[in-house]
Amino acid sequence: MNPLLKDIRRNPLLWLLVFVPVVLVAAKLKPDSHTLLFVLSVLAIVPLTMLLARATESVAEKTGDSVGGLLSATLGNLAELVIALAALRAGQYALVKASIAGPIVTNTLFILGASFLLGGLKHHVQEFNRVGARVQAALLFLATVALLIPSLIAHADLTPGTEFGHKLSAGLALLLIVAYGLGMLFSLKTHKEYFKSAEQGEEGEKPWPMGLALAMLASVTVLVALASEIFVESVQKAAETFGMSPAFVGFVIVSLVGGASAMPTAFSGARKNRLDLSVGIALGSAAQIALFVAPVLVLLSYVIGPAPMDLQFWPGAVVMILVSTLTAALVTNSGRSAWFVGALLILVYLTFAVTLYLLPPRVA
Amino acid sequence: MNPLLKDIRRNPLLWLLVFVPVVLVAAKLKPDSHTLLFVLSVLAIVPLTMLLARATESVAEKTGDSVGGLLSATLGNLAELVIALAALRAGQYALVKASIAGPIVTNTLFILGASFLLGGLKHHVQEFNRVGARVQAALLFLATVALLIPSLIAHADLTPGTEFGHKLSAGLALLLIVAYGLGMLFSLKTHKEYFKSAEQGEEGEKPWPMGLALAMLASVTVLVALASEIFVESVQKAAETFGMSPAFVGFVIVSLVGGASAMPTAFSGARKNRLDLSVGIALGSAAQIALFVAPVLVLLSYVIGPAPMDLQFWPGAVVMILVSTLTAALVTNSGRSAWFVGALLILVYLTFAVTLYLLPPRVA
Amino acid sequence: MNPLLKDIRRNPLLWLLVFVPVVLVAAKLKPDSHTLLFVLSVLAIVPLTMLLARATESVAEKTGDSVGGLLSATLGNLAELVIALAALRAGQYALVKASIAGPIVTNTLFILGASFLLGGLKHHVQEFNRVGARVQAALLFLATVALLIPSLIAHADLTPGTEFGHKLSAGLALLLIVAYGLGMLFSLKTHKEYFKSAEQGEEGEKPWPMGLALAMLASVTVLVALASEIFVESVQKAAETFGMSPAFVGFVIVSLVGGASAMPTAFSGARKNRLDLSVGIALGSAAQIALFVAPVLVLLSYVIGPAPMDLQFWPGAVVMILVSTLTAALVTNSGRSAWFVGALLILVYLTFAVTLYLLPPRVA
């Protein structure tokens, strides 16, 4: 366990791992202290997602370019997927949908914006690979449009939850997964040169040995699943205590927790003037939620959910997703960035967060 | 008739011309076999639109640059116009509107996407004239916005079919036709260098002699009109038989039939690494529907329709048109393309088609 | 007063200053001739806004780069602010909101479009600083999105005028003003090289001496305030007489009057092939309305208005603002312009104007 301990010594955020046993014990002893369990589960999930990211990278590096890339891309949003699965099993479909919409918005506005801001505070103007960013922004826009078709076209005319909505969502989920497969082929095989930079990890970090990596991948996934279950159970009640709307919790809290592992790499890339890396992480991760996590959740809802889930999003979520991806396209278009662009991206994210925070509970 | 026969020998799609007499006879003998008449009329219209395109090009080439360009641009969507006129005379305004919205979506998503995909399967990365494509994409976006103003601004507040809607649509139609005239001046006279590539026809095809071309133009237009009438009469009932919603028929079937003649040139251009040609055809044709076909139909509805037609589109159509033209702008923006971009454009088109197919009949 | 008289001799539009005393006297003598007072107040406000712009520039030039830039930027939309304040005090919140939305649309479509058209009629193709334009277009898009969040997210779900709407609008106003301050820091201090051209005034005009400039700034502001009050009182009744909807008056008339002072500089810049200047004025002014004028009005409504004002816009206004800023982003993206692009921008503006003109009075 030497490499693992070395990581923990180097990264103070991993010291939060101490909350993993704490939350598991607390859930047994005080199953009704929702606020406490909510805080503890968040504190436990954050370091676990970092270990998950580290294990995934290590496996990916050992297995060679293509298979490794496939693994790394597919497991990259494992944390979000596991949290959403816990909500799916509990039948909390509003939370599941928020955990699809939230990370798309958080990646394209907050992670991208904070990268631009942090990088821009150090470098006057930063240039990044325009072609790669444009291809990724176009892919992300098309992916989110495909994801939102049922909400965009059908919402005005139909009440959600009808048979039409379910058929459409299931059909669409299959199309999205096909597109995801083609996208893997594109980014890992035929045109990998446009996506290269996004796959480089933190410098100076040696990959774990294969045995440790695989063992960690399995055991940490189980731990995330356990902590997520506690999180999902406690979040509703805790939100009431804190005076937060469920929409705020789903959109902001869940997606910041789920995305925590990607932030250090994205931000340190920006500081090192390697914005390609930050843009690749932010846009790639958002596209993956739309093309992979969302359809997988729809299809799994037929197996493990209490009822099939459709892809009808609340109109406010549709607006936020479209604004985010359109903004990402406009902002990465020039291949240049300065601190104020990042500040404005964060401003838009803050306005979303403030709106969701103030939203009366019955909406969304 | 030698050049015509030579064309027919070379292009197997023209062998479908045999269905022209068949459908005319069938309509007399079996006026109630709607499904049969629908299939036959589609099979007859496809080769006719190709002859129409060929005749237009031949006339255009003989009459010199400016007049020829004007003719070619104006008659380029003659097939769509004739089909829509048949629907207009029958008072089927939902079908007329679908035959305005459908070709815009089909051109910008399907024809552009298939060009990118087919070209990208042969060439690793294709570059095309970015300035020309951007100007055309901006024009298309502005043209569609102008077309959609009544639906966008007034829809939320007003019931369609009011006097306000009619006044607005008529005034707008006049503005659009003025814009179309200015656009002709721009693309054929003052700035023709940006549009040159889009007007080159298939290599190796000799233009028909003037006499033949004019005679074909007149007679084929009549044949298209006759076949369109049968098509419009049979389409509703046939759709029911096939379980297709009227929206699907109008959007997808009509626009694929009407656009069939443009596809061979667009696709072979892409295979020959001349994406400028494909982009020009796809975006130019879509812009022309918005700036010319749509306002002409509104104005003609006062003369030949049972009642004036307005420009209020069904919300789903508005979304699809805006998404298509915005996507075209984002995607052509980089002046570069690869197969996956085409695949994603087709994916979005497929999601539209699936949604329209599943849509319950009473909507749209 | 020599420099002032020299200006008046040179600029025939300033001869309209004669209407300032006329309208003040007329308002005393014939307080019920609304149509007359409306026309006179418009004729008086136009030259006053020009004097205001001239005084602001003169003060700015004397006080040195940074302070001057700050003054010039903050006072640049003083006329719009004073007119809106008159409407705010009268409790005409629909007019206040129209005087926020209208100038954004007028700047990005009409002033930008007319600049492109006038410049394009003289120069075949005009190039302008793409990077600066893109940064400004992205800022403008983000600023308007932030401004429209309450309308976009909350509109579908909530009736306007609720406590939620007011809290949200006030919180948002604070965020917007912070963003405005950061934007000043960005454009005047850390990255002023991207905004330089937009601050150059008309060539050959000598700045006024400081004393005259300050005196004019104070006295003209008072005169604009007086004329605006007459304008706001008469506009409603006059609109009825002319058969104009209130939405048309707010959007089109008020914003053309308020923006009149910026037009000569923008248009003559375009004619002199310095499109950077025109783009800077159009986009910068629009961004300032969103980031500064709008939040200041919301916050002042708590002090001087009869009731707090929120930022819920009528859906048609939301569409027009978003279409305008998106169009500006697409159109300035290529860094190239020709006359037809300008013509199409004006076409879209005209379609907005026609729609608003025809709109039945009870809407908006």
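This is a predicted model: local features need pLDDT of at least 70, side-chain atom pairs count only at pLDDT 80 or more; totals for chains, interfaces and linings use all residues.
The elements that give two or more residues to the side of chain C that touches chain B are α7 (130-154), α13 (315-332) and α14 (339-358) of chain C. Of these, α14(C) gives the most, with 14 residues. By residue class, the side of chain C that touches chain B divides into 25 nonpolar, seven polar and four charged residues.

The contact between the two chains involves 36 residues from chain C and 32 residues from chain B. The area buried between chain C and chain B is about 3,100 Å². Carbon and sulfur atoms give 81% of that buried area. On the side of chain C, the residues C:L330, C:W339 and C:F340 together supply 20% of the area that the chain buries against chain B, more than any other three residues.

The arrangement of the copies was examined by superposition. Chain C is superposed on chain B by a rotation of 120° with 0.0 Å of shift along its axis, at an RMSD of 0.0 Å. The two copies are therefore related as by a three-fold rotation axis. Only 11% of the interface residues of chain C are also interface residues in chain B, so the copies meet through different surfaces.

C:S285 is found in helix α12, which spans residues 275-304 of chain C. The relative accessible area of C:S285 is 12%, and because buried means under 20%, this residue is classed as buried. With residues up to four places away in sequence left out of the count, C:S285 touches C:N77, C:N107 and C:G280. With C:N77, the contact is also a polar one: the side chain of C:S285 makes a polar contact with the side chain of C:N77 at 3.1 Å.

Methods: Residues are numbered from 1 along each chain as its sequence is written. Chains are lettered from A and ligands numbered from 1 in the order in which they are written. Side-chain values use heavy atoms; hydrogens and water are left out. Contact means heavy atoms within 4.5 Å. Buried area is the accessible area (1.4 Å probe) that two parts lose on being put together, summed over both. Helices (H or I, at least four residues) and strands (E, at least two) are DSSP runs, numbered from the N terminus. Ala, Val, Leu, Ile, Met, Phe, Trp, Tyr, Cys and Pro count as nonpolar, Asp, Glu, Lys and Arg as charged, and the others, Gly among them, as polar. Copies are superposed by least squares on the C-alpha atoms of residues with pLDDT of at least 70 in both. Buried means under 20% relative accessible area, exposed over 50%, partly exposed in between (1.4 Å probe, protein chains only). A polar contact is a pair of N or O atoms within 3.5 Å; within protein, one must be able to donate a hydrogen and the other to accept it, and residues adjacent in sequence count only if both atoms are side-chain atoms.
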